[in-house]
Amino acid sequence: MHASSDIRIVKCFDGLHYSFESLRYVYSSLHDTCSKIKDDQEALIPAIWQCWSFIDIVYRIREISQAMPGLSKKDKELVSFLSATEIAEEYRHYIQHLRS
């Protein structure tokens, strides 16, 4: 199958596009939200939500990147990205599996 006719590639790029846009949205106000916590305890929940969303989105980008058809798992940029974001996956798994 030729790469241009592989719908999985289109779906992966679509997923990456929306994931990066979501990441940009969450990140754009994360610092401001966290900075308000000291003076406004009501800012705590939005800050936690934004932090958790950030971790979850990075995890999703990692998963999509590794599932991308035709992208070598040995690609140095992919390996570098996965290494730099490994903490997001570790933290997400830690929280998701607290009971085990």
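I started with a polar pair: the side chains of Gln50 and Ser29 are joined by a polar contact of 2.9 Å. For a polar contact, N or O atoms must be within 3.5 Å; within protein, one must be able to donate a hydrogen and the other to accept it, and residues adjacent in sequence count only if both atoms are side-chain atoms.

A note on what I am looking at: this is a predicted model, where local features need pLDDT of at least 70, side-chain atom pairs count only at pLDDT 80 or more, and totals for chains, interfaces and linings use all residues. Residues are numbered from 1 along each chain as its sequence is written, and side-chain values use heavy atoms, with hydrogens and water left out.

**Entry 1: Gln50**

I found Gln50 in helix H2. Helices here are DSSP runs of H or I with at least four residues, numbered from the N terminus. Is Gln50 buried or exposed? Its relative accessibility is 5%, so Gln50 counts as buried; the cut-offs are under 20% relative accessible area for buried, over 50% for exposed, and partly exposed in between, with a 1.4 Å probe and protein chains only. I then listed what Gln50 touches, not counting residues up to four places away in sequence: Val26, Ser29, Leu30 and Thr33. Contact means heavy atoms within 4.5 Å.

**Entry 2: H1 against H2**

Next I looked at how helix H1 (residues 7–36) packs on H2: the angle is about 155° and the axes are 9 Å apart. The axes are lines fitted to C-alpha atoms, for helices over the stretch in contact, and angles run from 0 to 180 degrees between N-to-C directions. That angle makes H1 roughly antiparallel to H2. The scheme takes angles under 35 degrees as roughly parallel, over 145 as roughly antiparallel, 65 to 115 as roughly perpendicular and the rest as oblique. I noted 17 nonpolar, eight polar and one charged residues in the contact of H1 with H2. In this sorting, Ala, Val, Leu, Ile, Met, Phe, Trp, Tyr, Cys and Pro are nonpolar, Asp, Glu, Lys and Arg are charged, and the others, Gly among them, are polar.

**Entry 3: H2 against H3**

I moved on to helix H2 (residues 44–67) and helix H3 (residues 76–84), whose axes come within 11 Å and cross at roughly 155°. H2 is therefore roughly antiparallel to H3. Which residues make the contact? From H2 I wrote down Ile61, Arg62, Ser65 and Gln66, and from H3 Leu78, Phe81 and Leu82. Sorted by class, the contact of H2 with H3 has four nonpolar, two polar and one charged residues.

**Entry 4: H2 against H4**

For H2 and helix H4 (residues 86–96), I read a packing angle of about 115° and axes 9 Å apart. This makes H2 roughly perpendicular to H4. On the H2 side the contact includes Trp52, Val58 and Arg62, and on the H4 side it includes Ala88, Glu89 and Tyr91. The contact of H2 with H4 has seven nonpolar, two polar and six charged residues.

Leaving aside neighbours within four places in sequence, Val58 is in contact with Leu23, Thr85 and Ala88.

Last, I checked Leu44, found in helix H2. Leu44 is partly exposed, with a relative accessible area of 34%.

How values were computed:
Helix = DSSP H or I, 4+ residues; strand = E, 2+ residues; numbered from the N terminus.
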